[in-house]
Amino acid sequence: METLPVPRIARCGDEIAAKGLTPGQLLNVIHAMRIPALLLAALLLPTVALFAADDPPGFLVQPGDGLSPAETAAGMKVPEGFSVKVFAAEPDIVQPIAFSIDDRGRLWVCENLSYPDWKPEGNDRIVILEDSDGDGKFDKKTLFYDKLNNVSAIETGFGGVWVGSNPHVLFIPDKNADDVPDAAPEVVLDGWGHEDMHEILNSFAWGPDGWLYGTQGVFTNAKVGKPGTPDHARVPFNAGVWRLHPQTRKFEVFAHGTSNPWGVDWNDYGQCFITACVIPHLYHLTQGGLYQRQAGKHFNPFAFDDIKTIARHRHWGGADWAAGSRAQESSTDAAGGGHAHAGAMIYLGDSWPAKYRNTVFMNNIHGNRINNDSLMQDGSGYSGDRLPDFMKSADKWYRGLDMGYGPDGSMFVSDWYDARACHQQKPHDRRNGRIYKIVYGNAKQAPVDLAKLSGAELVKLQLHANDWFVRHARRILQERGANVESHGALREMMGDAKLTVPQRLRALWALHVSGGFDESVAKEIFKGKEPWLTAWAVQLFFEKGVASDAFLKDLARIARLGDSQIVRLYLASALQRIPVENRWDIAAGLMMHPQDQTDPNLTLMIWYGIEPMIQSDPARAASLLKGSNIPKLQEYIARRMASIVAAPK
């Protein structure tokens with residue numbers, strides 16, 4: 001189609017803006033004058049709110065507009081030394097909502113053709129994209145499965161593929177790894193809600209503890225369980241992070257709260273972070289924590305308060321996040337692009353400059369960019385602050401969703417690519433989709449297949465500078481199970497003081513997931529007094545361990561005499577996994593430290609652990625109140641005791 005030169009488009013844009021045309025009139029002008037809608041929209045913003053929620057029905061930038069994938073990539077502003085390649089694009093890929101990178105460095109991509117409508121059947125697809133020559137572009141595409149509904153998340157491992165396909169979490173077996181399903185999908189969990197298709201289950205990722213993690217938003221209500229589980233035995237869930245063990249198939253909520261999280265990742269110390277929409281966008285999560293909600297109440301009426309965001313900034317200008325994001329007011333553009341975020345990647349690769357390691361990246365959907373935040377330790381937790389935007393697209397149709405780094409340390413990022421950022425648009429444009437690869441220098445992916453490595457080679461990979469190798473090797477060790485030789489090498493690595501703490505933690509996590517961690521290992525770690533190792537030993541023990549009296553006494557001693565807020569945070573979290581009658585001494589020790597009253601996590605995490613104790617033994621709770629050096633806990637204990645007295649008999 002013939003288009004006008006840019007100078008003439010600019011003059012037309014001035015005239016149209018001056019006339020104050022309605023969106024419908026503007027659409028007619030676009031077609032009559034053959035102006036690319038993207039360029040015109042850029043000229044008129046913020047005069048025309050292209051993404052306003054109150055656009056008249058049927059307002060839609062018509063097929064034929066937008067930029068080519070190469071043009072979009074060329075218009076992406078990235079830091080010096082970086083380049084952007086088109087890894088895949090329409091018509092080879094459309095509507096890429098999520099992807100996973102397998103042990104060979106291939107991308108398994110979910111194509112969601114059903115969003116935002118829900119129906120019990122569908123034709124959403126999973127395709128495999130492979131770059132066999134390492135030039136940064138896919139050269140082989142394989143269709144794996146094409147009968148999914150509302151597919152929204154994917155992860156590979158344990159002889160198949162784990163898929164979020166509302167209202168199910170599915171496992172599609174492919175034990176012989178021939179890229180052909182061995183059987184029909186198995187429904188592992190059901191009961192996921194779909195009231196708000198913005199907020200369905202998403203962001204599958206393997207945690208350092210060997211569980212499959214995912215998130216779901218606040219306006220979607222789930223009652224999760226294995227198929228056939230009665231309603232009263234299901235787990236209610238409507239915002240936060242959940243996890244599923246791939247071998248035992250146990251399901252549990254890791255942390256409740258936030259708004260619409262759409263991204264989860266871990267830093268070098270195994271700390272869990274999520275990105276979210278609408279309310280502040282960044283959270284550091286602790287197991288068992290309750291976090292600030294966008295709406296609604298926590299399931300526990302005696303929570304009294306919740307843990308807040310770690311973000312020191314907001315990505316929108318002014319008080320109105322909705323108007324600022326959708327209209328892209330200049331103040332919001334300067335602040336970071338808006339309230340809607342998708343994807344979370346904490347860079348732990350090995351080919352980018354060192355300053356990016358342990359910083360978090362997220363897509364900003366309205367802002368057509370990738371934000372970058374620092375993560376700084378703050379007491380027992382973290383605070384996050386804004387760094388310069390990592391990528392800003394000149395193409396206003398860029399809608400980044402998922403992201404992750406691969407074996408060469410480069411970032412893959414998926415682009416939904418659409419004129420509109422929200423799901424009110426009808427008819428829906430399902431023609432587009434891109435995946436870009438952002439590379440520093442001349443990084444190039446070499447052939448890799450970790451499944452072919454020996455146990456000893458997988459253990460050595462725990463020291464690799466690129467955490468992609470570490471994570472995949474750890475998961476393969478978990479799949480293979482207990483191995484005495486591997487366990488011995490991992491224990492030696494874990495105890496090597498010449499290694500960094502993150503390297504020793506990697507050895508601990510690998511030891512745990514492969515079945516080599518027990519109470520004796522935990523006690524060995526306690527003797528070393530390294531805070532991060534001690535903290536993780538506490539959490540991992542209570543994955544399945546039943547504590548002996550001696551072990552509980554060790555924990556009470558550490559709670560009372562230890563000087564690490566990190567360790568106390570993990571002990572507070574562990575209270576919820578210890579029988580109520582065995583929590584008292586540990587709780588009393590945790591409440592002795594007055595410096596913890598200003599910590600962003602500790603007061604509330606201790607409270608969540610001791611609250612059930614008040615109900616079980618109000619008289620004994622009086623001793624906790626008296627012995628506490630944290631005033632807010634004294635207040636909460638008194639309030640909870642009063643509620644018991646006031647409760648109807």
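The legends below describe close-up views of a predicted model.

**View 1. Helix H10 and the glycine that follows.**
Helix H10 covers residues 501–513. At 1.5 Å a residue, its 13 residues should span 18 Å, and the C-alpha atoms at its ends are 18 Å apart, which agrees. Of the 13 residues of H10, 13 are buried, so the helix is largely enclosed by the rest of the structure. Just after H10 comes Gly515, with a positive phi of about 90°.

**View 2. The four-stranded open sheet S7-S8-S9-S10.**
Four strands make up this open sheet, in the order S7-S8-S9-S10, and their pairing is antiparallel. Strands S7 (151–156) and S10 (186–190) stand at the edges; each has a single partner strand, so one side of each is left without a neighbour in the sheet. From one strand to the next, the twist averages 20°. Strand S9 (residues 168–173) and S10 run antiparallel and are joined by four bridges. Leu170 has Val187 in S10 as its bridge partner.

**View 3. The five-stranded open sheet S11-S12-S15-S16-S20.**
Here five strands form an open sheet with mixed pairing, in the order S11-S12-S15-S16-S20. The edges are taken by strand S11 (202–206) and strand S20 (290–293), each with a single partner strand, so one side of each has no neighbour in the sheet. On average, neighbouring strands of this sheet are turned by 25° against each other, direction ignored. S11 and strand S12 (residues 212–216) run antiparallel, with three bridges joining them. Asn202 stands opposite Thr215 in S12.

**View 4. Ser374 and its surroundings.**
Ser374 is part of strand S23 (residues 369–378). Its relative accessibility is 13%, and a residue counts as buried when this value is under 20%, so Ser374 is buried. Leaving out residues up to four places away in sequence, Ser374 touches Thr359, Ser383, Gly384, Asp385 and Leu387. Pro388 lies 14 residues from Ser374 along the chain, and the C-alpha atoms of Ser374 and Pro388 are separated by 9.9 Å.

**View 5. The largest nonpolar core and Ile370.**
The largest nonpolar core has 160 residues; Leu129, Phe361, Ile370, Phe390, Met411 and Ile610 touch the most other members. Helix H16 (residues 602–616) contributes the largest share of this core, nine residues. Apart from this core lies another, of 19 residues, including Trp162, Leu201, Trp206 and Leu244. What does Ile370 touch, not counting residues up to four places away in sequence? The contacts of Ile370 are Phe361, Met362, Asn363, Asp389, Phe390, Met391, Tyr398, Met403, Met411, Val413 and Ile438.

**View 6. Helices H12 and H14.**
Helix H12 (residues 531–541) and helix H14 (residues 565–575) have axes that come within 8 Å and cross at roughly 5°. Angles under 35 degrees count as roughly parallel, so H12 is roughly parallel to H14. On the H12 side, the contact is made by Pro531, Trp532, Thr534, Ala535, Trp536, Val538 and Gln539. H14 takes part through Ile566, Val567, Tyr570, Leu571 and Ala574.

Conventions. Residues are numbered from 1 along each chain as its sequence is written. This is a predicted model: local features need pLDDT of at least 70, side-chain atom pairs count only at pLDDT 80 or more; totals for chains, interfaces and linings use all residues. Side-chain values use heavy atoms; hydrogens and water are left out. Helices (H or I, at least four residues) and strands (E, at least two) are DSSP runs, numbered from the N terminus. The expected span of a helix is 1.5 Å times one less than its number of residues. Buried means under 20% relative accessible area, exposed over 50%, partly exposed in between (1.4 Å probe, protein chains only). Two strands pair if DSSP finds at least two bridges between them. Axes are lines fitted to C-alpha atoms, for helices over the stretch in contact, and angles run from 0 to 180 degrees between N-to-C directions. Contact means heavy atoms within 4.5 Å. A nonpolar core is a set of buried Ala, Val, Leu, Ile, Met, Phe, Trp, Tyr and Cys residues joined through side-chain atoms within 4.5 Å. Angles under 35 degrees count as roughly parallel, over 145 as roughly antiparallel, 65 to 115 as roughly perpendicular and the rest as oblique.
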